[in-house]
Amino acid sequence: MNTKLFLSALAISTIAWISPSSAASPSELNDLEIAHVAYTADSIDIRYAHLALAISKNPRIHEFARTMIRDHTAVNEEALALLKELNVAPQDNFLSQKLSSDADQLVAEMSGLSGDAFDKRYAENELGYHKAVNGLVETAFIPNIETPQVKALFEKALKIFKAHEHHAEMMVKSLK
Amino acid sequence: MAFAMSALSGIRSAAAAKASAAAGKHYVVEIRDFIFDPAQLEIASGDRITWINRDIVPHTVTAIDRSWDSGTLERDESWETYVKEGMQPDYFCIFHPMMKARLKITSDVSS
């Protein structure tokens, strides 16, 4: 093999390994960045749920919010356990940051609402949020995840989040 | 003395086995991927049902009129009940109300 070519390839692959990813689209994220996005998305929904418990007076909204806290906490615990087993850490990235800043804006908006207006906004956001995240997981993440255990976890998580989407749909209809 | 004790435990075991057989069959319902499997179970009074949660997230097994309820089942936790004539046959998961299932109860233990 050409030694110069081999050394160039080795240098490039080493730089790629130690440099932060320059991914600009969700499908370009690596496994550790995808794990970070999933953890962030779970944590955001837990945050929305706590807001709902604090503001809403509707028992159905409370039941849904408690389910979101239970389920997303369980998924996050599973993800953290897997990362510990694999001896890796999730990597921050543009998509996690975008999700977080969007969530900050939405929390500010929903904090100013009350009564039926809050319930409607919360339920509609839960439906939209789960639809968007499920689409991302199904089309951009799962096909591109390389680590088998991470892929298996995401496939399990997608089933959970699709059940949430269905539940949110039922909740939106019940509020009309 | 030891012979008498082992004979007695043998009689107790036989009695327990006879009682168990008279009590009916044992069925297992798995909760997996947000589904009760099987979703419809044909059972008789005196049968025993065990539900096992195989999902990451917690579920419940709750009669629609709340007359019987497993409470929270974490992953791999199970709960069982004996089938009684007249018990509410329709049940669901309180946390995920779209998860529904049904027991088809006959009163004849031998059928």
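I count two residues as in contact if their C-beta atoms, placed from the backbone, lie within 7 Å. A reminder to myself before I start: this is a predicted model.

**Entry 1: helix H5 of chain A**

Next I asked which of its residues are buried. The list includes A:Phe118, A:Tyr122, A:Leu127, A:His130, A:Val133 and A:Phe141, and also A:Asp119 and A:Glu126. What covers these buried residues? I noted helices H2 (31–55), H3 (59–86), H4 (94–111) and H6 (148–174) of chain A among the cover.

**Entry 2: two of those helices together**

I then checked how H3(A) and H6(A) pack: the angle is about 175° and their axes are 11 Å apart. Angles over 145 degrees count as roughly antiparallel, so I wrote the pair down as roughly antiparallel. On the H3(A) side the contact includes A:Phe64, A:Met68, A:Val75 and A:Leu82; on the H6(A) side, A:Leu153, A:Ile160, A:His164 and A:Met171 are among the residues. By class I have eleven nonpolar, four polar and three charged residues in this contact.

**Entry 3: over to chain B**

Here I found an open sheet of four strands in the order S2-S1-S4-S6, with mixed pairing. S2 (35–37) and S6 (78–82) each have a single partner strand, so one side of each is left without a neighbour in the sheet. Neighbouring strands are turned by 20° against each other on average, direction ignored. Last, I looked at S1(B) and S4(B), which run parallel and are joined by six bridges. I marked B:Glu30 as standing opposite B:Ile52 in S4(B).

Conventions
Residues numbered from 1 in each chain as written. Chains lettered and ligands numbered in written order. Predicted model: local features only at pLDDT ≥ 70, side-chain atom pairs only at ≥ 80, totals over all residues. Buried ≥ 20, exposed ≤ 12 C-beta atoms within 10 Å, placed from the backbone. Helix = DSSP H or I, 4+ residues; strand = E, 2+ residues; numbered from the N terminus. Axes fitted to C-alpha atoms, helices over the stretch in contact; angles between N-to-C directions. Parallel < 35°, antiparallel > 145°, perpendicular 65-115°, else oblique. Nonpolar A, V, L, I, M, F, W, Y, C, P; charged D, E, K, R; others polar. Pairing = 2+ DSSP bridges.
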